[in-house]
Amino acid sequence: MVNIFTLVTGIPGPSGFGSASTAEQVTQGVDASNLTAIITGGASGIGLETARVLALRGAYVIIAARNLDAANKAKDLILKDNQAARVDILKLDLCSMKSIRAFAESFNALNLPLNILINNAGVMFCPFQLSEDRIEMQFATNHLGHFLLTNLLLDKMKQTAKSTGIEGRIVNLSSIAHQHTYEGGIKFDKINDNRSYSDKRAYGQSKLANILHANELSRRLKEEGANITVNSVHPGLIMTNLMRHSALLMRVLQVFTYICWKNVPQGAATTCYVALHPSLKGVTGKYFLDCNEVIASALARNETLAKKLWDFSNKLVNSA
């Protein structure tokens, strides 16, 4: 449950951080110079701030982005403030399984370690459309693309964790919107149904899928004894390009709920906290808000639903 009082006041929770904490503050003193991280959607918004702060802490950051021009500008911005930053760019279009497989092949060919994977990119409230693989766009981009990407990079993360002894971390960006989805959570039989499509519920469905994916992957990795944690986060309400399909609605909403909104450095804080903070060593299968663990919805904690989604997702990526 979200505590509105602590959200509005910014009073720190048990972690010592709260809604007013910034990404720099929650990673203060962390040395990430021995870590390599991939951040999807790292060219703008909280993805860019996450990339900047991880690079500031010494990590070697790979920005995975569809728009290479925007990604190069993001890299320039990071280097302008931090000439020692180690940042590279690889092309990735999460609504294309062909692009995802090409990205994974390109990254694996670099023979780099991989300690951190931040599944940050996404689309929000877009009109009904299908991806090039003929899957509803929000589900395809926000969940299925990251599901496939994570699977393709998982062996590399396992190898890195085993050879270095350093815990690997996977972070899925979800949303409080995971609570506002279709009846039953996931429309397995009607994932591409235009007639029953709701842009808001489809977004909620994809964000629910992000948590279910993290929880099921966490369970599987624990079962095999892999030194990798998987958690999901709600970054908070931030006005970014993600809201381009509903800018007017979001502006109106912001007028009436302005005290609940975060700036970008605050919005990236929970992601950076979960990705880097030493206090979360061994913590896996959890959901975080304002840099503190909170309880996700009942559907998000449904293990049967998580396993069903895993099998459904596997079938989709293997048939494309």
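Which residues does Ser99 touch, not counting residues up to four places away in sequence? Select Ser99 and look around: the answer is Leu92 and Asp93, where contact means heavy atoms within 4.5 Å. Ser99 sits in helix α5, and it counts as buried because its relative accessibility is 15%. Here buried means under 20% relative accessible area, exposed means over 50%, and partly exposed is in between, using a 1.4 Å probe and protein chains only.

A quick word on what you're looking at. This is a predicted model, in which local features need pLDDT of at least 70 and side-chain atom pairs count only at pLDDT 80 or more, while totals for chains, interfaces and linings use all residues. Residues are numbered from 1 along each chain as its sequence is written, and side-chain values use heavy atoms, with hydrogens and water left out.

Now zoom out. The chain has eleven helices and eight strands; these are DSSP runs numbered from the N terminus, with helices being H or I of at least four residues and strands E of at least two. Of its 320 residues, 56% count as buried.

Next, select Ile38, Phe103, Phe107, Phe139, Leu153 and Ile186. They have the most contacts inside the largest nonpolar core, which has 52 residues. Such a core is a set of buried Ala, Val, Leu, Ile, Met, Phe, Trp, Tyr and Cys residues joined through side-chain atoms within 4.5 Å. Colour in α6 (137–164) too, one of the elements giving two or more residues to this core; α6 gives the most, with ten. Then click Leu153: leaving aside neighbours within four places in sequence, its contacts include Ile38, Phe103, Phe107 and Leu117.

Hop over to helix α10, residues 269–276. Eight of its eight residues are buried, so the helix is largely enclosed by the rest of the structure. Tyr273 and Leu276 are among them.

Last stop: the second largest pocket, with about 370 Å³ of space. A pocket is an open set of points on a 1 Å grid over the protein atoms alone, with protein on both sides within 12 Å along at least five of seven lines; lining residues have an atom within 4 Å of a point. The volume is the space filled by probe spheres set on the points. Select Asn215, Gly285, Lys286, Arg301 and Glu303, the closest to its centre of the 19 lining residues. Helix α7 brings the largest share of the lining, six residues.

Methods
1 Å grid on protein atoms, 1.4 Å probe; cavity = no way out; pocket = protein on both sides within 12 Å on 5 of 7 lines; lining within 4 Å.
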